[in-house]
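Here is a short report on one helix and the parts of the fold around it. Please have the sequence and the model at hand.

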Amino acid sequence: MNILMNNSILSVDLKRVRQNVNAVLKELDGAQLIPVLKDNAYGLGLETIGHVMEEFPSITTLAVAQVGEGAALRQAGITRDILVLGGIPAHLLQAAVELDLTISIGRLELLPVLALLARSLERQVKIQIKMETGLNRTGVAPGGELARLLEEWRAVKGSFQVTGAFSHFADLSDQSRTQEQYHLFLKGVEQLQAGGMEIPMRHISASAAHEQFPEYRLDGVRIGRRLYMDHPT
């Protein structure tokens, strides 16, 4: 007997979601929209929302917080690039590679491990460089640390396809600090490029940053809340 016995339901108007996507795309002025589908697409249904995002040809990359979310999207038939924003535990690295997920490189000594996996699976691994600019959570800091990352990459670069670099603002209420983070990120990207690493896509802004500082949109903007809710004010 298949009877729903819930006290309440959540009804999601996918037409309105599509309207929101189109509205954001117009605001981005040519920059890429990177939909963030973490936490079950903010509770609205990961797989369903993922399929809606695939309807838009200009959306080439989806973002999730962890490997399990990427796996669910792949199992649902999603074929776009899927960027895992968070750190990946060692026991899930192979699954991430096999699922063709894009792995964030936010610490040293990860590239050699991934290179071994790439060789054993006979495939390239898609990566993006997670840069530490002031949030102090995860990421490789411009300067000496980023120089060491470049050394690791040059030793095994044939195993990787670099698709971008990103960071995250710490406190948007502090305009001066936000500007410093933005310029430090650009300095880090320049360091990567000077070291021989091409960076096809740069992104540092999420929903709130896009609303407050549209001039920092760069090549792409990670939009989560903004796809489903109004401006917070």
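This is a predicted model. Start with a residue pair: L33 stands opposite V221 in strand 8. Strand 1 and strand 8 pair in the parallel sense, over four bridges. Strand 8 is covered on both faces. G220 and R222 are buried on one side, and V221 and I223 are buried on the other.

Both strands also matter for the next element, helix 1: strand 1 (32–35) and strand 8 (220–223) are among the elements that cover its buried residues. Helix 3 (46–54) and helix 10 (225–228) are included in that cover too.

Which residues of helix 1 are buried? They are V17, V21 and V24. Seen down the helix axis, the buried residues fall within an arc of 70°, so they line one face of helix 1.

| Residue of helix 1 | Burial |
|---|---|
| V17 | buried |
| V21 | buried |
| V24 | buried |

Now the length. Helix 1 has 14 residues (residues 14–27), and at 1.5 Å a residue they should span 20 Å. The end C-alpha atoms are 20 Å apart, which agrees.

Last, the two ends. D13 caps the N-terminal end of helix 1. One of its side-chain oxygens lies 3.0 Å from the backbone nitrogen of K15. After helix 1 comes D29, with a positive phi near 55°.

Notes. Residues are numbered from 1 along each chain as its sequence is written. This is a predicted model: local features need pLDDT of at least 70, side-chain atom pairs count only at pLDDT 80 or more; totals for chains, interfaces and linings use all residues. Side-chain values use heavy atoms; hydrogens and water are left out. Helices (H or I, at least four residues) and strands (E, at least two) are DSSP runs, numbered from the N terminus. The expected span of a helix is 1.5 Å times one less than its number of residues. Buried means under 20% relative accessible area, exposed over 50%, partly exposed in between (1.4 Å probe, protein chains only). The arc is that of the directions from the helix axis to the C-beta atoms. Contact means heavy atoms within 4.5 Å. A polar contact is a pair of N or O atoms within 3.5 Å; within protein, one must be able to donate a hydrogen and the other to accept it, and residues adjacent in sequence count only if both atoms are side-chain atoms. Two strands pair if DSSP finds at least two bridges between them.
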